Each structure stands twice: as C-alpha cells, then as structure tokens.
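Here are my notes on this one, point by point. Have the model open while you read.

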Amino acid sequence: MATILLTGGTGRLGSELQSHLSLIAPGRSDLDIGNLAQVREAIGTHKPDLIVHTAAYTDVAGAEADRATCWHVNVEGTRNIVKGALEFNVPMVHISTDYVFYGDTGNYLETDPPGPVRNYYALTKLVAEESVRVLPKHLIIRTSFRPKEWPYDMAFDDVYTSQDYVDVIAPEIELALQNFEAIPYNTLHIATERKSVFELAKRRKPDVERGSKAAVGVNLPDDCSLNTQRWQALKADLLKADLLKADLKERV
C-alpha cells in the first residue's frame, strides 16, 4: 500500500477521503503549507510515495475582501508543496476547480484553455495549477463539491455546474488516487452531470428557494460544467481491471 501524505486533512474533501483511505494527514500545527520548513520536514519525516494536496482557501466571496490570505494559501502554499515534492522527488495530486474556466459555454474539456478568470479565487487556483505543472510527475484533478447537506435556504437557478456533494465526489477521487500510477494524463476532470445549482440543492434540501447570482456581489460563471468523458472511460477500464484482479484472486 502506497504511503500518501494529505494536506488539508480537516477540510471538507480531506476529511471525507480519510473515511475511505488510510492517509497521513498532519494537523496544521505540524504541516502549515505556508511554512516551507514545515513542508520539508513533513515530507522528509513521512517519506510519502504520493502527496495529495487538498488544502485551499475556498471562500470565493471572502477572497475578494482578503486577497492576501487567499494568495498566501492557494499560491504560496501550493508553491511550497511543489518545492518539497521536487526536493524529495515525490509525485503530487493537486485538487483544482472548475472556476479556472471563464464559465460561459460549459462542458469544458481538460484540453480547453482556461481563463479569463471571473474572480480572485479563480485566479489563485489557476496560478496554483501552473505551479504544479513544473513537477515531472503530477496529476491535476479539477472538480467541485458541496457539503453533504445543502447549507443555504437559497440556490442559484441561473448557474450551471457539474459539481456534486462531497460524499459523491470523494469516492471518485479515491479511485483515481488508488490507481495514480495507471493514469496516463496530467489533468483530469472528475465531476457528475451538468445541472443548475438549484437542481443540485433540491436533491438534499427539497424546500430550497430559487435565487439568482445577481443577488451576490461576486462575479460568478454562468456555466462552468466540466466534460468528464476522459474520466468516465478511464474509470470503466480501472473498474474492469479491479474485477479481473478479484476474479483471478478467487481462482488462486
């Protein structure tokens, strides 16, 4: 079993992944990604076979008011992880976002050019992606997820997405992590089908009210849905291989 070092272990995705996988997930007091010395110490101590970087500043509205913190976490923090990965020659999986796209057409492929960004959070995540690409061996997973229950009374009916709830997305990412060595790409979109945010919200909060993105003071995309054909085809192959392995094991 590969040794996997996880950043952002107390975050939404990091917490969910730990319920599925055995991961090394130091707390912030032991691994502050903004502190390069701590990053180096954590990698040197645990000697991981893979680093999974989920730590991020994700408050889109808050990022507009506190750009310094958002940049420090998303850009400088990611750069520190990349420096540590380079120094110890460790491959890295970086969790990114659908917001790296402008969000006017939707159905974005991994090969589509990103930007121009709509907000400051999106800018920091796009810059972070480019930092990760200097690594010889890396995988950038673009995704989007919500907590297990819809947390608001309102949801936008004029914003389209392929995001889903974290307990739906996490098992998909788990499968990618378990098969990291077999993935022939350095960028992968992992998400579900296109729908409005309102449609997603109603699945777990039937009484949610319709709302419009015009009501918020942040520039949000109209449609940042991701094309996941690459992942769907790869997942089918991975699951088929797992079934074959299980069948062979039973015959031995």
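1. Is Arg204 buried, partly exposed or exposed, and what is its relative accessible area? Arg204 comes out partly exposed, with a relative accessible area of 29%. For the cut-offs, buried is under 20% relative accessible area, exposed is over 50%, and partly exposed is in between, with a 1.4 Å probe and protein chains only.

2. Some ground rules before going on. This is a predicted model, in which local features need pLDDT of at least 70 and side-chain atom pairs count only at pLDDT 80 or more, while totals for chains, interfaces and linings use all residues. Residues are numbered from 1 along each chain as its sequence is written, and side-chain values use heavy atoms, with hydrogens and water left out.

3. Back to Arg204, which has a salt bridge to Asp167 with the closest N and O atoms 2.9 Å apart. Arg204 sits in the loop between α7 (197–202) and β11 and Asp167 in helix α6 (residues 166–178), so the pair ties together parts that are 37 residues apart in sequence. Asp167 is also partly exposed, at 26%. Helices (H or I, at least four residues) and strands (E, at least two) are DSSP runs, numbered from the N terminus.

4. On salt bridges in general: the whole structure has 18 of them, the criterion being a side-chain nitrogen of Lys or Arg within 4 Å of a carboxyl oxygen of Asp or Glu. One of these joins Arg118 to Asp222, with 3.6 Å between the closest N and O atoms. Arg118 belongs to the loop between β3 (92–97) and α5 (120–132) and Asp222 to the loop between β11 (209–211) and α8 (229–251), so this pair ties together parts 104 residues apart in sequence. Arg118 is buried at 13% relative accessible area, whereas Asp222 is partly exposed at 32%.

5. Have a look at Glu193 and Arg203 too: their closest N and O atoms are 2.3 Å apart, and they form a salt bridge. Glu193 is in the loop between β9 (187–189) and β10 (195–196), and Arg203 is in the loop between α7 and β11, 10 residues apart. Both ends are partly exposed, Glu193 at 38% and Arg203 at 45%. Elsewhere, Glu129, Glu130, Arg133 and Arg142 are linked in a salt-bridge network.

6. Arg142 brings us to strand β4 (residues 138–143). Six of its six residues are buried, so β4 is largely enclosed by the rest of the structure. In a regular strand, side chains alternate between the two faces of the sheet. Here His138, Ile140 and Arg142 point one way, and Leu139, Ile141 and Thr143 the other.

7. What does β4 pair with? Strands count as paired if DSSP finds at least two bridges between them. β3 and β4 run parallel over six bridges, with Ile141 of β4 as the bridge partner of Ile95. β4 is also joined to β9 by three bridges, again parallel, and Ile140 stands opposite Thr187 in β9. β3, α5 and β4 make a right-handed β-α-β unit; right-handed means that, with the strands pointing away from the viewer, the path from the first strand over the helix to the second runs clockwise.

8. No disulfides to set up: the structure holds zero, by a limit of 2.5 Å between cysteine sulfur atoms. The sulfur of Cys224 is 16 Å from the closest cysteine sulfur, in Cys70, too far for a bond. Cys70 is buried at 0% relative accessibility and Cys224 at 2%.

9. Now the rings. There are three aromatic pairs, where rings of Phe, Tyr and Trp (its six-membered ring) pair if their centres lie within 6.5 Å, with planes under 30 degrees apart counted as stacked, over 60 as edge-to-face and the rest as tilted. Among them is Tyr99 with Tyr121, edge-to-face at 6.1 Å centre to centre and 70° between the planes. Tyr99 lies in the loop between β3 and α5 and Tyr121 in helix α5, so the pair ties together parts 22 residues apart in sequence. Tyr99 is buried at 16%, and Tyr121 is buried at 8%.

10. Last, charges over rings, which need NZ of Lys or CZ of Arg within 6 Å of the ring centre and within 35 degrees of the ring normal. Arg118 lies over the face of Tyr102, 3.8 Å from the ring centre. Arg194 does likewise with Tyr160, at 4.2 Å.
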